[in-house]
Amino acid sequence: MILRKTLLIFSLFGLTACATKNYGDDKFHLQMATHGKDVMWVPTKVEMAHEMLAVAKVKPGDIVYDLGSGDGVIPIEAAKKYKVRSVGIEYNKDLVELSKRNADRARVKDIVEFRHGDIFVEDFSQATVLTLYLGDNLNFKLMPKILKMKPGTRVVSITLLHRKETLDTLLLILEFS
Ligand SMILES: C[S@@+](CC[C@H](N)C(=O)[O-])C[C@H]1O[C@@H](n2cnc3c(N)ncnc32)[C@H](O)[C@@H]1O
C-alpha cells in the first residue's frame, strides 16, 4: 500500500490574536503566553478556527480532535458550526475546566469532550479531522503517530512562520492508493 500525501499551504493574513486582550472567564483569568507543557498557550481567533475547519472540509459524521486545545475554541466552533463531535486534549487542567465551561456557554457540551492529558500519551486515532496549533517542533514529533492515522484523515496545522503578520495553515491529507 502506498501512502500518498497531499500538501497545501495557505497564507492567512490579519488573523493573529491581539496580544493585549484578557482571556478566560470569571473563574480563570488567562493571559497570552500562559505556560503549557511543551508549548505555551496562544489564542486562536474564532475566524482562524473557522478557516481551519473550512480548509479541512469538515462534514457531517466527522470527528474533530484538537491537540493542545487551550480554551477549547476549535472543538467548540466545530460543534457549533458543523454539529460534529469534537474532542480537545489539553495538559493544563485550568484550561480543560475553562473549555468545559465555554462549551456549556456555547450550548454544545453534549457533543464536545475535553480530556485532560498529554498529546503524546492520549489516543487520537479516532479523529477524521485533526487540528494543530503547536509549532513545527511538536508537529514533527507527532508525525509518526499522524502517519498511522486512518486514510482520508485531514490534518490542519497553523504554523507561525517568522513573519509576525502571517500565520500559515498547512493541510496534510492522508490518502492510501
Ligand atoms: C498555541 S496553544 C493552542 C491552543 C488551541 N489549540 C487554540 O488553537 O486556541 C497550545 C496549547 O497546547 C497545550 N499543550 C502544550 N503541550 C501539551 C502536551 N504535551 N499535551 C497537551 N497539551 C499541551 C498548551 O497548554 C496550550 O494550551
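Where is the place of Lys83? Lys83 is found in the loop between α2 and β5, where helices (H or I, at least four residues) and strands (E, at least two) are DSSP runs numbered from the N terminus. The structure described here is a predicted model, in which local features need pLDDT of at least 70, side-chain atom pairs count only at pLDDT 80 or more, and totals for chains, interfaces and linings use all residues. Residues are numbered from 1 along each chain as its sequence is written.

The confidence of the prediction is expressed as pLDDT, the predictor's confidence in each residue, from 0 to 100. The chain has an average pLDDT of 86, and 81% of the residues score at least 70. Over residues 7–19, however, pLDDT stays under 50, and the model has 27 contacts beyond four places in sequence for this segment. Two residues are taken to be in contact if their C-beta atoms, placed from the backbone, lie within 7 Å. Where pLDDT is low, the predicted coordinates should not be read in detail.

The secondary structure consists of four helices and nine strands, arranged along the sequence in the pattern β-β-β-α-β-α-β-α-β-β-α-β-β. Of the contacts between residues at least 6 apart in sequence, 68% join residues at least 24 apart. Among the 177 residues of the chain, 33% count as buried. A residue is buried if 20 or more other C-beta atoms lie within 10 Å of its own, exposed if 12 or fewer, and partly exposed in between, with C-beta atoms placed from the backbone.

Helix α3 comprises 13 residues, 93–105, and extends 19 Å from its first C-alpha to its last, close to the 18 Å expected at 1.5 Å a residue; the expected span is 1.5 Å times one less than the number of residues. Leu95, Val96, Leu98, Ser99, Asn102 and Ala103 are the buried residues of α3. Seen down the axis of α3, these residues fall within an arc of 165 degrees, so they line one face of the helix; the arc is that of the directions from the helix axis to the C-beta atoms. An α-helix has 3.6 residues a turn, so residues three or four places apart point the same way. On the other side of α3, Lys93 and Arg105 are exposed. The cover over the buried residues of α3 includes β2 (23–24), β3 (29–30), α2, β5 and β6 (112–116). After α3 comes Arg107, with a positive phi near 60 degrees.

In helix α1 (residues 46–55), the buried residues are Met48, Ala49, Met52 and Leu53. Lys57, which follows α1, has a positive phi near 55 degrees.

Positive phi values also occur in loops. Lys83 has a phi near 60 degrees, a positive value in a residue other than glycine, and counts as exposed, with 11 C-beta neighbours inside 10 Å. Ala33, in the loop between β3 and α1, has a positive phi near 70 degrees. With 10 C-beta neighbours inside 10 Å, Ala33 is likewise classed as exposed.

Around the ligand lie 24 residues, of which Gly36, Thr44, Gly68, Gly70 and Tyr91 come nearest. A residue is near a molecule or strand if its C-beta atom, placed from the backbone, lies within 6 Å of it. Two or more residues of this shell are given by each of α2 (73–82) and β5 (85–90). The shell divides into 13 nonpolar, six polar and five charged residues. Ala, Val, Leu, Ile, Met, Phe, Trp, Tyr, Cys and Pro count as nonpolar, Asp, Glu, Lys and Arg as charged, and the others, Gly among them, as polar.

Strand β5 also contains Val87, which is buried, with 21 C-beta neighbours inside 10 Å. Val87 touches Tyr65, Pro75, Glu113 and Arg115, not counting residues up to four places away in sequence. Val87 and Tyr65 are 22 residues apart along the chain, yet their C-alpha atoms are separated by 4.8 Å.

Ile146 belongs to helix α4 (residues 136–146) and is partly exposed, with 19 other C-beta atoms within 10 Å. Beyond residues up to four places away in sequence, Ile146 touches Leu130 and Val155.
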